[in-house]
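Hi everyone, thanks for making time. Have a look at the model on the screen, and I'll talk you through its pockets and cores.

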Amino acid sequence: MDTSDEQRFTELYREHHPAVDAYVRRRLDGSHAVDDVVAEVFLTAWRRWGEVPGDAALPWLYATGRRLMANARRSDQRRVSLVEAVGRQGSHRVDDHADGVVGQEAVAAAFDALREQDREVLGLALWEGLTAGQAAKVLGCTTATFHVRLHRARTRLRKHLDTSSTGTVQRALTTLGGADA
């Protein structure tokens, strides 16, 4: 982008940021993701500057915001569902209910601490129940690459857990499956 494009983008931002912010804020109803979505709308506009119509920039920004909000909602729902699924699976492996709760909470907290990419890989394998080949297609990579990503995601999850505790966390880890569990 040259200087004139940067100036036009700055003008677009100043002119439309309040409207986009209000649009997103009304639809996400106080969600913590409002500022992130608004920032992502303008980041998308910056990255795709050549596609932003000069005479209809605000509707384009709104449409971008709508898609980003839908993505944020789906991501939040997947995360919540995955945490619940991991929690349910962990309770099948634990004899004492209290131990199961501790293990589930440990896994849920560790899962929340992971990067989005790791949560997505684990989610495709565990929550969605996809085969490695199917999950690789979703991520746009090879099956071998997916296996590597899954192994690394499991390893990072284990690092977030206190593996030195009683067998509770270890039993919860077994829930994650795979030969490296």
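So, helix 2 (34-47), helix 3 (57-92) and helix 5 (116-127) each put at least two residues into the lining of the largest pocket. Helices here are DSSP runs of H or I, at least four residues, numbered from the N terminus. And a pocket, on a 1 Å grid over the protein atoms alone, is an open set of points where a 1.4 Å probe fits, with protein on both sides within 12 Å along at least five of seven lines; lining residues have an atom within 4 Å of a point.

Before going on, this is a predicted model: local features need pLDDT of at least 70, side-chain atom pairs count only at pLDDT 80 or more, and totals for chains, interfaces and linings use all residues. Numbering runs from 1 along each chain as its sequence is written, and side-chain values use heavy atoms, with hydrogens and water left out.

Back to that largest pocket: there's about 590 Å³ of space in it, the volume being what probe spheres set on the grid points fill, with points joined across faces, edges and corners. It has 22 lining residues, and N71, A72, S75, D76 and E116 are the closest to its centre. Which helix gives the most to the lining? That's helix 3, with eight residues. By class, the lining has eight nonpolar, five polar and nine charged residues; Ala, Val, Leu, Ile, Met, Phe, Trp, Tyr, Cys and Pro count as nonpolar, Asp, Glu, Lys and Arg as charged, and the others, Gly among them, as polar.

The second largest pocket has about 170 Å³ of space. Helix 1 (residues 3-28) gives the largest share of its lining, five residues. Among the residues lining this pocket are R8, H16, W49 and P53.

Now the cores, meaning sets of buried Ala, Val, Leu, Ile, Met, Phe, Trp, Tyr and Cys residues joined through side-chain atoms within 4.5 Å, where buried is under 20% relative accessible area with a 1.4 Å probe, protein chains only. The largest nonpolar core has 21 residues, and L12, V24, V37 and L61 have the most contacts inside it. Helix 1, helix 2 and helix 3 each supply at least two of this core's residues. There's also a second, separate core of 20 residues, including V107, F111, F146 and L157.

Last, confidence: pLDDT, the predictor's confidence in each residue from 0 to 100, averages 82 over the chain. Where pLDDT is low, the predicted coordinates should not be read in detail.

Note on methods. Buried means under 20% relative accessible area, exposed over 50%, partly exposed in between (1.4 Å probe, protein chains only).
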